[in-house]
Amino acid sequence: MIIGSSGLFGQNSLFVLYESTLDGQSTQYWPKVRQFLDFTFSIQVAGYAAWVTSLNIKDRSLQEVAEVIDTANTRIEEQRVFLLPYTKEWPRGSYGLPRTNTGCPVAANARWLNGVRHHDTEDDDSSNAWIGGIHFDGGYGTNMDQKFCMKTDIAMGEGNWPAGNYCIFKKGTCPVGFQWGKLKWDDEDDDNKNSASGVLPDGSYNRNTEIQYCCRSDGSVTTPIALPSRRPFYLFRFRAGCQMVADMSVREEWFRWDDEDDDNANRYYGAHPFDQGGRNHRIHYCYYS
């Protein structure tokens, strides 16, 4: 039922088939997954326990009993490894990630809320720029929409963010191990059409934009960290290149905003994502797939 076999469900995992029918952003996603797994594992444990009990009742050899127990442990461990992409949880706390063109992450015990910041960029030349093949969820061209995936329930998730070198959006208190910072965008002055909707990172969203971040540099980018790998996601590059994530490939991407030309007031504060822009912010993203 968990992994699938040649004699059951056409070699398909019944769990994967069931999981594919669920809405990964629904509040019922994780409870339904847990219910399914609790049920199937309880059947297995009860079956192996009955098997061992029957062997003991029949006074079979200790070696035969031990072989059954070893088989149970091996098969359950195989299933645990198989299920890691589905059961690995995002860390506890409140924070945000940039939204990709595949949407927000799907992961155990986390719910993501969407938000959008529309930047009215410099109208004179509209020279926003970006790397080819960027994985943003649309909304960029002559102006720019930053789209967010925000986790606001601090109790959901498991454990702390791992040591490394990367940034995330701030929402509330920065998680353990992170330092605070922010960036200010001097958006278009004339006939400014900035707007914002949904759930946003901490910051200020008016005629200009200030967004706050949480960044850390307590580990090596070449040492992979463990995060959910169920669906692609972004982190921000901080200082030393893109942080490696276990079982995922990474691609460094960038976007350059064409900010206000006259008396430009872009600002940098504290710990913030790697930015080569100066008068025009040029932020570097790390895309994991």
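The contact takes 9 residues from domain 1 and 10 residues from domain 2, where contact means heavy atoms within 4.5 Å.

This is a predicted model, in which local features need pLDDT of at least 70, side-chain atom pairs count only at pLDDT 80 or more, and totals for chains, interfaces and linings use all residues. Residues are numbered from 1 along each chain as its sequence is written, and side-chain values use heavy atoms, with hydrogens and water left out.

**The whole chain**

Show the chain as a cartoon. It has 3 helices and 13 strands; helices (H or I, at least four residues) and strands (E, at least two) are DSSP runs, numbered from the N terminus. The chain is more spread out than a compact globule, because its radius of gyration is 24 Å, well over the 19 Å that the globule rule gives for 289 residues. That radius is taken over C-alpha atoms, and the rule is 2.2 Å times the number of residues to the power 0.38. Along the principal axes, the C-alpha atoms fill a box of roughly 90 × 35 × 35 Å.

Of the contacts with a separation of 6 or more, 73% are between residues 24 or more positions apart. Buried residues make up 45% of the 289 residues. Buried means under 20% relative accessible area, exposed over 50%, and partly exposed in between (1.4 Å probe, protein chains only).

**The second largest pocket**

Select Val 81, Leu 84, Pro 85, Lys 88, Ala 226, Leu 227, Pro 228, Ser 229, Ala 246 and Asp 247, which line the second largest pocket. Its lining draws at least three residues from each of domain 1 and domain 2. The space in this pocket is about 160 Å³. By class, the lining residues divide into 7 nonpolar, 1 polar and 2 charged. Ala, Val, Leu, Ile, Met, Phe, Trp, Tyr, Cys and Pro count as nonpolar, Asp, Glu, Lys and Arg as charged, and the others, Gly among them, as polar.

Pockets and cavities are found on a 1 Å grid over the protein atoms alone: a cavity is a set of points where a 1.4 Å probe fits but cannot get out, a pocket is an open set with protein on both sides within 12 Å along at least five of seven lines, and lining residues have an atom within 4 Å of a point. Grid points are joined across faces, edges and corners, and a volume is the space filled by probe spheres set on the points.

**The cavity**

A search of the whole structure finds 1 cavity of 30 Å³ or more. The largest cavity has a volume of about 90 Å³. To see its lining, select Pro 98, Arg 99, Phe 136, Asp 137, Gly 138, Met 144, Asp 145, Gln 146, Lys 147, Phe 148, Phe 169 and Tyr 285. Strand β4 (residues 144–151) gives the largest share, 5 residues. The lining has 6 nonpolar, 2 polar and 4 charged residues.

Go to Glu 19, in helix α1 (residues 14–19). Glu 19 is buried, with a relative accessible area of 4%. Leaving out residues up to four places away in sequence, Glu 19 touches Tyr 29, Tyr 86, Val 106 and Arg 230.

Next select Ile 154, in the loop between β4 and β5. Ile 154 counts as exposed at 56% relative accessibility. Beyond residues up to four places away in sequence, Ile 154 touches Arg 92, Gly 93 and Ser 94.

Move on to Gly 177, in the loop between β5 (165–170) and β6 (179–185). Gly 177 is partly exposed, at a relative accessible area of 38%. Its contacts, leaving aside neighbours within four places in sequence, are Cys 215, Arg 216 and Asp 218. From Gly 177 to Arg 216 the C-alpha distance is 6.4 Å, with the two 39 residues apart in sequence.

Finish with two aspartates. Asp 191 lies in the loop between β6 and β7 (195–198) and has a positive phi of about 50° although it is not a glycine. Asp 191 is exposed, with a relative accessible area of 57%. Asp 263 sits in the loop between β11 (250–256) and β12 (267–270). Asp 263, not a glycine, has a positive phi of about 50°, and at 74% relative accessibility Asp 263 counts as exposed.

Key. Domain bounds come from an automatic or database domain assignment.
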